Amino acid sequence: MGSMGQDGSCCPTAYGMPNMNTKIIRNSAKCLGCNTEAVSSYRWDAQTCRCNNVFVDGGTDYIRRAVKDLSLYEDTSIILSASEDDPCRES
Ligand SMILES: [Zn+2]
């Protein structure tokens, strides 16, 4: 009883801080408006696409995004679950 997730969030998403079980391999997002991919390669490497619709930041430390038009946005990040003990796994 009462053993649900502490804060209600479970699976890490591409937004916000990843939890300790995830590892960011590639922090990137593609803008479908100008067909440019913005890739953040290190922590303070802020990148935008050509038309400034998509902004990525954080490199392999954290995922930060600012997107003007989400319908023209595609996340292309690669994020691994580093732990076998995945809290998202349902038994
Ligand atoms: Zn763009």
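**Entry 1: a loop residue.** I began with Asn-35, which sits in the loop joining β1 (22-31) and β2 (36-40). I kept in mind that this is a predicted model. The phi angle of Asn-35 is positive, about 60°, even though Asn-35 is not a glycine. Is Asn-35 buried or exposed? I looked up its surroundings: it has 11 C-beta neighbours inside 10 Å, so it counts as exposed, since the cut-off for exposed is 12 or fewer.

**Entry 2: another asparagine.** Next I turned to Asn-52, in the loop between β3 (47-48) and β4 (54-57). Asn-52 is not a glycine, yet its phi is positive at about 65°. I found 14 other C-beta atoms within 10 Å of Asn-52, so I noted it as partly exposed.

**Entry 3: the core.** Then I asked myself which residues form the largest nonpolar core. I listed 6 residues: Ala-29, Cys-31, Ala-38, Cys-49, Val-54 and Val-56. Both β1 and β4 supply at least two residues of this core. A handy reminder for me: nonpolar side chains tend to be buried together in soluble globular proteins.

Entry 4: I picked Ala-38 and looked up what it touches, leaving out residues up to four places away in sequence. Its contacts include Ala-29, Cys-31, Cys-49, Val-54 and Val-56. Among the others are Ser-28, Gln-47 and Phe-55.

**Entry 5: confidence.** Last, I checked pLDDT. The chain's mean is 82, with 68% of its residues at 70 or more. Residues 2-6 stay under 50, and the model gives this stretch 1 contact beyond four places in sequence. Residues 8-14 are also below 50, but that stretch has 10 contacts beyond near neighbours in sequence.

Note on methods: Residues numbered from 1 in each chain as written. Predicted model: local features only at pLDDT ≥ 70, side-chain atom pairs only at ≥ 80, totals over all residues. Helix = DSSP H or I, 4+ residues; strand = E, 2+ residues; numbered from the N terminus. Buried ≥ 20, exposed ≤ 12 C-beta atoms within 10 Å, placed from the backbone. Core = buried A, V, L, I, M, F, W, Y, C linked by C-beta atoms within 7 Å. Contact = placed C-beta atoms within 7 Å. pLDDT = per-residue confidence, 0-100.
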